[in-house]
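Here is a short report on side-chain links and helix packing. Keep the coordinates open while reading.

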Amino acid sequence: MRGLRRCLPWALLAATALAAAPAAHAQTQGAPLRIHVRGSAQIEAVAWTEPDGFVVRGSVVDDARSAIAEAPLSLDALTSAGAPAVLPAVDGCAADGAARAREPRPSQGGYVIATDERGGFCLRGRAPLADATLRIRFAGGKLYDAVEAKIPLEARAAPLAPVILRFDPPVDAVDLDRPTVNVTVALRLDRSGARGVGSGAPFERERLPVVLEDERGARLAEAPTGGDGRARFELPTERLDGAGQGVLRARFDGTATLAKASVSQSVVRYAQVTLDLSHPVEPARAEDGVPIDVEVRSSRGPVEGGVVEALRAGEPVGAATVAGGKARVIAAFTAERAGTVPISLRYVPASPWWIPGAELAIDVPVAGPGAWRQIALGAAVLAIAGWVLGGWRRAPKRAATTRAGDERPVAPPGRAGVRVMGPLEGATGWRGAVADAHDGTPIARAELVIVVPAFDGSGVIARAQTDDVGEFSIEAPYRSDARLVVRAPMHSSHEQALPSPSKLGIALVTRRRAVLDRLVRWARRQGAPFEGPPEPTPGHVRRVASRVQQREVELWASRIEHAAFGPDPVDERIEQDLGASEPKPGAAPLAP
């Protein structure tokens, strides 16, 4: 009885989340939607004139700062008035770090050149080009949106030597709790692209100014290079933005003989989270729930997102989402008499840049339960238990039908899969419905993707999305090597070979069930004492791991428990992270 009462708050939270889900999925009305998600691209380039021509060098990267190789770029020129200008003949030159030059080919009013394997490109004009701006365009494709950049030509009296900047070593994480972060930028001459400077000419690498900026374009620091061509920064972290994803950009503005250069590096700025009480906890009945107001802060101020969880003797008794650096946790548990109960509070992050600090241990004052309340609670629990037992004997609900009158699967299969429900006369595609594998509930806004093997790109040949009653229709030529991938916001992805054109019934398993199933499979592979009768649970695995001092397993089981029974939805990132952190079976010896 105590166990059932302890689970009631979590059951209410789960019911609230399930009740809100249809409203979130019902935003799409009408016929199934076709979607196509693409990333963004960015062109970074510099250009300058020389006595006998001009040079333009640059690179194309995506929104994660990864190089986009083999990207076709068109280049033309505009006058200061915006009218087209005539481009002289051009040759290819080796981009930064490239083994060889890419040769351009003429196009309407300009040239076309493809980026190399590092996403770089370089063109050298054979004649001067005065009073003009170069326009570089990337038309995009299946994976990237189109982008355009206008690069002004800077006048130079002599040929410029190309320069390469590198973060050495790369900086991919910044601890905001430290007063400073050390950043080193190496500057070197790109001999492969130098012309007119002479590969044997002396190169003065000392006292060249390098500037550090962030993703906002804010100037963070400036430092000169030393005799080894490296600019060293002891950057105060207070100049950086708050915790989250960002960019560090090093910039060299060039000299009379050296060209401009820049380099960008994606970084994650992280900070530790601390918990404190907003005010002393007021006495309350434990069964009603004890309100605990918590301040959630970091060295950068209030924290946004994540969950504060309350535990009693290691068992979760309440949780609340963090908003604006505050969380109100309602800790509900049983107490035999009035007094104080030790409770620990911990922060569970929703983003990788928040690092949980030490748990906060508090003593919660509680009032003992009254006699009438104990009688009422006992009657309520018995009523709930009777309803549940009666539900086992009630006839199952009739399967829902689609708008067209087609019957859904007679009974949910209990596992993810794609079933052929029947042929489609004269069809060249597929239609059907996507539903929950356990309760048969239609899944709205599920995405269906047909993919084929491809050496480059994603291999996607068609996409579709289910409507508000879980139905879909997708058209594409059938290929025997094609696969069908089905994804949904609250369900685990499923992939299998694509059937021939037909009517399909697709079942998906919720991510909460998926992470629980993962723990059960792991425990059964391990055997006793983790397997445990009648079936392994996160709490059982966690307690066994604590007893045999397997800290890794204990932490993993605790995370599974929070994901499966906590108030927050389990997204794809959390599911993948729990899968990647699954302990290796037999990784540590078991204590007797």
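A salt bridge here is a side-chain nitrogen of Lys or Arg within 4 Å of a carboxyl oxygen of Asp or Glu. The model is predicted.

## Salt bridges

With that cut-off, the count is 28 salt bridges. E315, R542, R543 and E561 are linked in a network of such bridges. Three further pairs are tabulated below.

| Pair | N to O distance | Relative accessibility |
|---|---|---|
| D76 and R137 | 3.2 Å | D76 10%; R137 32% |
| R126 and D91 | 2.7 Å | R126 53%; D91 29% |
| D481 and R479 | 2.9 Å | D481 34%; R479 35% |

Take D76 and R137, whose side chains meet in a salt bridge. D76 sits in strand 3 (residues 72–79) and R137 in strand 9 (residues 132–138), so the bridge ties together parts 61 residues apart in sequence. R137 counts as partly exposed, at 32%.

R126 pairs with D91, with the closest N and O atoms 2.7 Å apart. This pair also links distant parts of the chain, 35 residues apart. R126 is in the loop between strand 8 (120–125) and strand 9, while D91 is in strand 5 (residues 90–92). R126 is exposed, with a relative accessible area of 53%. D91 is partly exposed, at 29%.

D481 and R479 also form a salt bridge. D481 is partly exposed. R479 is partly exposed as well.

## The disulfide

The structure holds one disulfide. Which cysteines does the disulfide join? C93 is joined to C122, with an S to S distance of 1.7 Å. The torsion about the S-S bond is about -80°, so the disulfide is left-handed.

## Helix packing

Two packed helices are described by the angle between their axes and the distance between the axes. Helix 3 (residues 511–526) and helix 5 (residues 551–565) pack at about 150°, with their axes 8 Å apart. Why do helix 3 and helix 5 count as roughly antiparallel? Angles over 145 degrees count as roughly antiparallel, and the angle here is about 150°. Helix 3 and helix 5 are therefore roughly antiparallel to each other. The crossing of helix 3 past helix 5 is left-handed.

The contact residues in helix 3 are R512, V515, L516, R518, L519 and W522. They meet V553, W556, A557, I560, A563, A564 and F565 in helix 5.

Helix 4 (residues 538–547) has these buried residues: P538, G539, V541, R542, V544 and A545. What do the buried residues of helix 4 pack against? Their partners are strand 23 (315–321), helix 3 and helix 5. R542, one of the buried residues of helix 4, is also in the salt-bridge network with E315, R543 and E561. After helix 4 comes Q549, with a positive phi near 60°.

Notes: Residues are numbered from 1 along each chain as its sequence is written. This is a predicted model: local features need pLDDT of at least 70, side-chain atom pairs count only at pLDDT 80 or more; totals for chains, interfaces and linings use all residues. Side-chain values use heavy atoms; hydrogens and water are left out. Helices (H or I, at least four residues) and strands (E, at least two) are DSSP runs, numbered from the N terminus. Buried means under 20% relative accessible area, exposed over 50%, partly exposed in between (1.4 Å probe, protein chains only). A disulfide is a pair of cysteine sulfur atoms within 2.5 Å. Axes are lines fitted to C-alpha atoms, for helices over the stretch in contact, and angles run from 0 to 180 degrees between N-to-C directions. Angles under 35 degrees count as roughly parallel, over 145 as roughly antiparallel, 65 to 115 as roughly perpendicular and the rest as oblique. A crossing is left-handed if the near helix is turned anticlockwise from the far one by less than a right angle, and right-handed if clockwise. Contact means heavy atoms within 4.5 Å.
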